[in-house]
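Okay, thanks everyone. Let me put the structure up, and then I'll walk you through a few spots in it.

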Amino acid sequence: MNFRLLSTHVVMNRWRQSVVEIQSRKRQVNECEQAHAALSKVTACFQQMATTLGTNADGSCLREELDETRTLAHRICTGLHKKLLALLIELDQGQENKEQVERLWVLFLSNLENFQQNLRKVTKLQEIFPLTQRKDRQALINTGFAGGTSEVAARVAMVQTPWLSVDDTTSLDLKSHVEEIDLLLEEMLQRVNVPLWSVEPTTKAWVEGCPAQDNGQDDVESLEEMMEVEVVPQNNTLCCCHHQNCKVGCLLCLLS
């Protein structure tokens, strides 16, 4: 009797421990998803601000904002890398959340590569357009851009990460930052074997840009349908027939 009670107690303890581990793992995965969403926002803002380098909107304020933005991105990357790496090493094949974590891993890799490309562009542009002296502003290109990037920097400041404290608080210069991402990407590819082609997307590409379909019918026109033009002669001239497929034909109507 005592042996049965002991066995039941052991089974219940293992079950409770398993439930706690699953809940903890789900919480960590959710934190990683939030961190990746935050990283995407920060890197997008960094890319947007980088487009004004070398223009009449360039200045010391913009370059400070770029440094602050990439520093924040660096801290998010450091924390996200550690947590995703720990999750992938811990998860076994076929375990719950494994596909979700692998998908996050691939998205993180892609985001890092894109961010690194933008860092290289910023490094090159700052070398071409240095602002160490006042006369350097004469070389800036007047693009007609009015205003600054304060609104974009404000969006960066509003980004929240799931973890408030970040282990790595060091600030790197641009070249060191690019080199560190190289090492980070190399480590990610070596320590975790996640074939990129094995990860399937959860949503179709460009779904947000497609018009809503009525009654489940596809409203996708072929090239032949777009080129269809119905010509109606009136007074020995050609005019537009207002056909629903008359898109390319509108140009012909204007030229006729």
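Before we start, one definition: a residue is called buried when its relative accessible area is under 20%. Also keep in mind that what you're looking at is a predicted model.

So, cysteines. C45 has a relative accessible area of 7%, so we call it buried. C32 is buried too, at 0%. And how many disulfides are there? The count comes to zero.

Now the inside. In general, nonpolar side chains in soluble globular proteins tend to be buried together. Here, the largest nonpolar core has 43 residues, and L84, W105, F108 and L112 have the most contacts inside it.

Let's zoom in on W105. Leaving out anything up to four places away in sequence, W105 touches L84, L85 and L88, and also M188, V192 and V194.

Next, how do α3 and α5 sit against each other? What's the angle? They pack at about 160°, and their axes are 10 Å apart. Angles over 145 degrees count as roughly antiparallel, so α3 is roughly antiparallel to α5. The crossing of these two, α3 and α5, is left-handed.

Last stop, still on helix α3: that's where you'll find N118. Is N118 buried or exposed? Buried, because its relative accessibility is 5%. If you again skip residues up to four places away in sequence, N118 touches F46 and Q47.

That's my tour, happy to take questions.

Key. Residues are numbered from 1 along each chain as its sequence is written. This is a predicted model: local features need pLDDT of at least 70, side-chain atom pairs count only at pLDDT 80 or more; totals for chains, interfaces and linings use all residues. Side-chain values use heavy atoms; hydrogens and water are left out. A nonpolar core is a set of buried Ala, Val, Leu, Ile, Met, Phe, Trp, Tyr and Cys residues joined through side-chain atoms within 4.5 Å. Buried means under 20% relative accessible area, exposed over 50%, partly exposed in between (1.4 Å probe, protein chains only). Contact means heavy atoms within 4.5 Å. A disulfide is a pair of cysteine sulfur atoms within 2.5 Å. Axes are lines fitted to C-alpha atoms, for helices over the stretch in contact, and angles run from 0 to 180 degrees between N-to-C directions. Helices (H or I, at least four residues) and strands (E, at least two) are DSSP runs, numbered from the N terminus. Angles under 35 degrees count as roughly parallel, over 145 as roughly antiparallel, 65 to 115 as roughly perpendicular and the rest as oblique. A crossing is left-handed if the near helix is turned anticlockwise from the far one by less than a right angle, and right-handed if clockwise.
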